[in-house]
Amino acid sequence: MVQKKICLLGAFAVGKTSLVMRYVSSIFGDKYHTTVGVKIDKRQLTCEDQAVTLMIWDLAGQDDLTRLRTSYLRGVSGYIIVADGTRPFSLNTAINMHKEAREYTGDVPFIVAINKADLKDEHWQVEEEQLRALENDGATIILTSAKTGDGVEEAFQQLTRNILKAESENKQLNDVEIT
Amino acid sequence: MINYASDIDTHKNKADDKLSETDLETLRKLLLGPEYQSILKKVQILDDPVLLSKLITPSIQEALRLESPNNSLQKVLTPTIVGAFMDSVSTNPKPIVEALYPVMGPAIRKSINATMNQMMSNFNQLIEQSVSPQALQWRFDAWRTGRSYAEVVLIGNLLFQVEQVFLIHRKTGLLLLHEVAETAISKDPDMVSGMLTAIQDFTNDSFSVEQNSGLNSLKLGDLTVLIENAPHATLAAVVRGTAPREIQELLSETVEEIHLRETKRLINYKGDTSQFLHLRPLLAECLRTQLLDKEKRNTKKGASRNKKLIKYGFLACLLLLAAGIVYQYQQATLKDNEWNHIQRAINSEPGLIITNTSYDNGTYQVAGLADPLAKAPSTLINHGMHSNIKVRLMFKPYLSLDPEIVLKRVSETFDIPDSVQLSLKDKVLILSGRSTKTWLANFEPKVSKISGIKSLDTSKIKVVQ
């Protein structure tokens with residue numbers, strides 16, 4: 001069994017917490033967001049025949065780019081950026097947060113989750129070009145809906161897969177160096 | 001013509017140069033002999049730094065290895081090393097702190113212990129002055145078990161249990177190992193460790209604290225979470241009740257040991273918890289300490305009955321002793337009083353004189369003189385009180401001139417009619433009342449012969465026929 005720390009980042013009220021609520025076990029209430037700035041949840045899954053425990057640090061949403069709690073990002077194996085499909089500005093915030101986080105975490109796997117996919121037909125504000133641009137940058141984009149639950153499991157699985165892959169690649173690199 | 005000459009000149013120079021080269025070569029060979037080749041090699045080495053360092057290295061090693069007189073090599077190197085050290089610390093103290101961490105802990109603890117012991121002995125002196133019954137009880141315990149009094153006072157007041165111990169990876173907040181006491185309840189320890197780390201980060205971020213410092217304890221009611229931070233691991237213990245200092249020390253030592261043994265694994269941790277399972281006994285030790293104390297208290301209760309018996313017996317003896325002493329004192333006082341009374345009584349009795357008193361083997365002795373006409377001394381001894389003392393009387397007869405005795409003497413010697421009253425004043429016998437002339441004529445000459453009477457006063461007496 002392997003433990004991994006991952007973070008959830010995103011603007012205020014994009015639905016981060018609702019997104020994961022169904023899929024995690026939780027003992028801490030939401031008030032931790034406003035007090036400590038982070039809420040810890042746990043998700044256990046199997047990925048590539050490996051039992052993995054994800055410790056999910058759900059960081060309090062921030063509307064602008066005021067300092068991300070960088071100390072919470074310490075030692076993270078991967079992260080999920082969440083944006084609200086009905087609010088285009090949230091995607092910009094998410095991308096900026098991602099850039100900032102990157103400076104701190106280095107080159108770890110990440111997923112971009114565009115939430116509220118259930119409103120795709122009505123209030124969807126995301127341009128396809130934006131998504132393509134992101135993908136070109138190397139991001140994996142998953143459309144999710146906290147309401148229906150679509151895409152959430154997939155997001156976690158994909159991130160875990162990427163993390164494990166990156167790790168085994170690193171290990172191979174290290175092995176090569178030694179020999 | 002000139003051209004030709006210059007041509008010849010240059011030609012000649014060229015030839016000279018050519019000649020000089022080989023000539024010089026030959027000259028060198030001649031001068032330097034067989035060493036020429038090796039010298040050439042050495043020169044090449046001097047020019048090439050890589051080759052030069054290869055050559056010099058063994059010499060430097062040898063030089064360092066040799067003991068230089070007066071430690072001069074040390075002195076020469078010291079400023080350089082100190083400078084390098086200081087530079088390292090000022091640019092980035094982290095590696096040095098991590099390297100020193102296992103050493104500093106014990107050193108600091110030692111010094112703290114020394115200070116605490118000093119404080120304890122002062123504290124001890126202060127407590128010496130308290131004399132409440134509980135304090136006396138503790139004093140007795142301290143004497144009986146051979147511990148310091150202050151220690152007994154503190155320990156007597158403790159009651160605690162270490163419920164859980166967490167070993168947390170400091171960087172990620174991931175839980176490496178967890179131990180719970182049998183009777184305790186623990187909520188999902190993975191999340192608790194994460195949150196504990198988050199809170200430490202939060203505190204560091206929100207309040208200006210030194211880098212690398214961490215929370216030491218969280219207190220809520222009778223629950224304390226003791227936290228010991230090492231550079232790459234954190235050990236947290238949940239204690240219910242008042243945790244003695246030893247628990248914090250135990251945590252310190254445990255986390256230091258873990259850190260020392262597992263430094264590499266901690267730094268390279270990628271999430272595989274099985275790597276740390278073998279540390280379970282170390283963590284369990286932190287729980288077990290508390291049980292031992294609890295057991296001690298339980299055996300205390302069982303043995304306390306015996307202790308109580310001893311205590312009460314002891315008290316009873318003390319009381320008896322005290323009672324005995326009081327009784328003795330009382331008796332002595334009574335004896336004294338009676339003895340004084342006897343002496344006073346004898347002294348004030350006319351016709352008795354005390355010449356000597358002594359106390360011998362439980363018997364008081366009175367030596368004195370007693371007129372045969374006086375009251376017998378023996379009658380004075382048991383007069384009034386129940387006797388506590390033995391008195392031996394040794395009285396010799398004498399003739400007393402006390403007025404009362406003299407009057408008695410007169411009455412006994414002569415036949416005094418009822419109508420006559422006698423009184424004595426200043427050795428003058430005064431007669432009063434009535435008497436016959438014949439009696440008076442008979443009486444007068446004889447009475448002046450009685451000792452104590454100088455003269456007779458008959459002015460007050462009425463003579464009848």
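Trainee: In what order do the elements of chain A run from the N terminus on?
Mentor: They go β-α-β-α-β-β-β-α-β-α-β-α. Keep in mind as we go that this is a predicted model.
Trainee: And how many helices and strands are there in chain A?
Mentor: Chain A has 5 helices and 7 strands.
Trainee: What about chain B, how many helices and strands there?
Mentor: Chain B comes to 13 helices and 11 strands.
Trainee: What share of the residues in chain A is buried?
Mentor: In chain A, 42% of the 179 residues are buried. For chain B, 19% of its 465 residues count as buried.
Trainee: Switching topic: how many residues of chain B are in contact with chain A?
Mentor: On the chain B side there are 20, and they are in contact with 22 residues of chain A. The chain B residues that touch chain A divide into 8 charged, 6 polar and 6 nonpolar.
Trainee: Which residues have the most contacts inside the largest nonpolar core?
Mentor: Those are Cys7(A), Ile80(A), Ile81(A), Ala113(A), Leu167(B) and Ala237(B), in a core of 87 residues. There is also a second, separate core of 13 residues, and it includes Ile342(B), Val391(B), Val406(B) and Leu407(B).
Trainee: Let me follow up on Ala113(A). What is it in contact with, leaving aside its neighbours within four places in sequence?
Mentor: Ala113(A) is then in contact with Leu19(A), Ile80(A), Ile81(A), Val82(A), Ile142(A), Thr144(A) and Ala155(A).
Trainee: Now a helix, please. How far apart are the end C-alpha atoms of H3 in chain A?
Mentor: They are 26 Å apart. Helix H3 covers residues 88-105, and at 1.5 Å a residue its 18 residues should span 26 Å, so the two values agree.
Trainee: Which residues of H3(A) are buried?
Mentor: Ser90(A), Leu91(A), Thr93(A), Ala94(A), Met97(A), His98(A) and Ala101(A). They cover an arc of only 155° around the axis, so they sit on the same side of H3(A).
Trainee: What covers those buried residues?
Mentor: The cover includes strand S1 (2-10), strand S5 (78-84), strand S6 (110-115) and helix H4 (128-136) of chain A. The face of H3(A) turned away from the buried side carries the exposed residues Lys99(A) and Glu103(A). Just after H3(A), Gly106(A) takes a positive phi of about 85°.
Trainee: Which residues other than glycine have a positive phi?
Mentor: One of them is Glu48(A), with phi near 55°. Most residues other than glycine have a negative phi. Glu48(A) is in the loop between strand S3 (38-47) and strand S4 (50-59) of chain A.
Trainee: Why does Glu48(A) count as exposed?
Mentor: Because Glu48(A) has 11 C-beta neighbours inside 10 Å, and 12 or fewer means exposed.
Trainee: Where is Asp426(B)?
Mentor: Asp426(B) is in the loop between strand S9 (420-425) and strand S10 (428-436) of chain B. In this hairpin, which has 2 residues between the strands, Asp426(B) takes a positive phi near 50°. Asp426(B) is exposed, with 8 other C-beta atoms within 10 Å.
Trainee: How many bridges join S9(B) to S10(B)?
Mentor: There are 6, and the two strands run antiparallel. Leu424(B), for instance, has Leu429(B) in S10(B) as its bridge partner.
Trainee: And do S10(B) and S11(B) run parallel or antiparallel?
Mentor: Parallel, with 8 bridges joining S10(B) to strand S11 (residues 455-464). Gly433(B) stands opposite Ile461(B) in S11(B).
Trainee: Last one: where does Gly452(B) lie?
Mentor: Gly452(B) is in the loop between helix H13 (437-447) and S11 of chain B. Leaving aside neighbours within four places in sequence, Gly452(B) is in contact with Leu401(B), Val406(B) and Lys427(B). Gly452(B) counts as partly exposed, with 17 C-beta neighbours inside 10 Å.

How values were computed:
Residues numbered from 1 in each chain as written. Chains lettered and ligands numbered in written order. Predicted model: local features only at pLDDT ≥ 70, side-chain atom pairs only at ≥ 80, totals over all residues. Contact = placed C-beta atoms within 7 Å. Nonpolar A, V, L, I, M, F, W, Y, C, P; charged D, E, K, R; others polar. Core = buried A, V, L, I, M, F, W, Y, C linked by C-beta atoms within 7 Å. Buried ≥ 20, exposed ≤ 12 C-beta atoms within 10 Å, placed from the backbone. Helix = DSSP H or I, 4+ residues; strand = E, 2+ residues; numbered from the N terminus. Expected span 1.5 Å × (residues − 1). Arc of directions from axis to C-beta. Pairing = 2+ DSSP bridges.
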